[in-house]
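The report below goes through its residues, its partners and its surroundings in turn.

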Amino acid sequence: MSTQKNDDTILETAKVGVGQPPLYKVLLLNDDYTPMEFVIVVLQQFFRMDREQATRIMLKVHHEGRGICGVFPKDIAATKVEQVLAFARQQNHPLQCVMEEN
């Protein structure tokens, strides 16, 4: 901390720490209608996964009901969710994508 003297008043400079923003998990949810191949395409296109990694996540979604696509700051996570939902609707698939705090 630094101090300055100004007309018999001591001013102290407070340190303001900027922490890391909270992170959010983006998840895909299983349904009985969206084709597995479409889920793989979504993971490759929106989360930059290779085919092998996308297949592993797709199978996790299929068997466990949900799978993590990635962890991002809030704004990025929200954008990814909206992009996936819009793409799924455009292709007439009911795929659900959500985010939750990490």
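In this predicted model, Leu 23 belongs to strand S3, which covers residues 23-29. Leu 23 is partly exposed, its relative accessible area being 37%, and together with Ile 68 and Val 71 it makes up a nonpolar patch on the surface, where the three residues have about 220 Å² of accessible area together. The strand as a whole gives another picture: five of the seven residues of S3 are buried, so S3 is largely enclosed by the rest of the structure.

Strands of a sheet pair through backbone hydrogen bonds, in either a parallel or an antiparallel way.

| Pairing | Bridges | Direction |
|---|---|---|
| S3 with S4 (residues 66-73) | seven bridges | antiparallel |
| S3 with S5 (residues 96-101) | six bridges | antiparallel |

Leu 23, for its part, has Pro 73 as its bridge partner in S4.

Which order do the strands take in the open sheet? The three strands are arranged as S4-S3-S5, with antiparallel pairing. S4 and S5 stand at the edges and have a single partner strand each, so one side of each is left without a neighbour in the sheet. Neighbouring strands of this sheet are turned against each other by 25° on average, direction ignored. Helix H3, made of residues 74-90, packs on the sheet and touches S3, S4 and S5, and the direction of H3 makes about 170° with that of S5.

Definitions and conventions. Residues numbered from 1 in each chain as written. Predicted model: local features only at pLDDT ≥ 70, side-chain atom pairs only at ≥ 80, totals over all residues. Heavy atoms only, no water. Patch = residues over 30% accessible without salt bridge, like charges linked within 9 Å, V, L, I, M, F, W, Y side chains within 5 Å. Areas by Shrake-Rupley, 256 points an atom, 1.4 Å probe, with all protein chains shown as cover. Salt bridge = Lys/Arg side-chain N within 4 Å of Asp/Glu carboxyl O. Helix = DSSP H or I, 4+ residues; strand = E, 2+ residues; numbered from the N terminus. Buried < 20%, exposed > 50% of the residue type's maximum accessible area, 1.4 Å probe, protein only. Pairing = 2+ DSSP bridges. Axes fitted to C-alpha atoms, helices over the stretch in contact; angles between N-to-C directions. Contact = heavy atoms within 4.5 Å.
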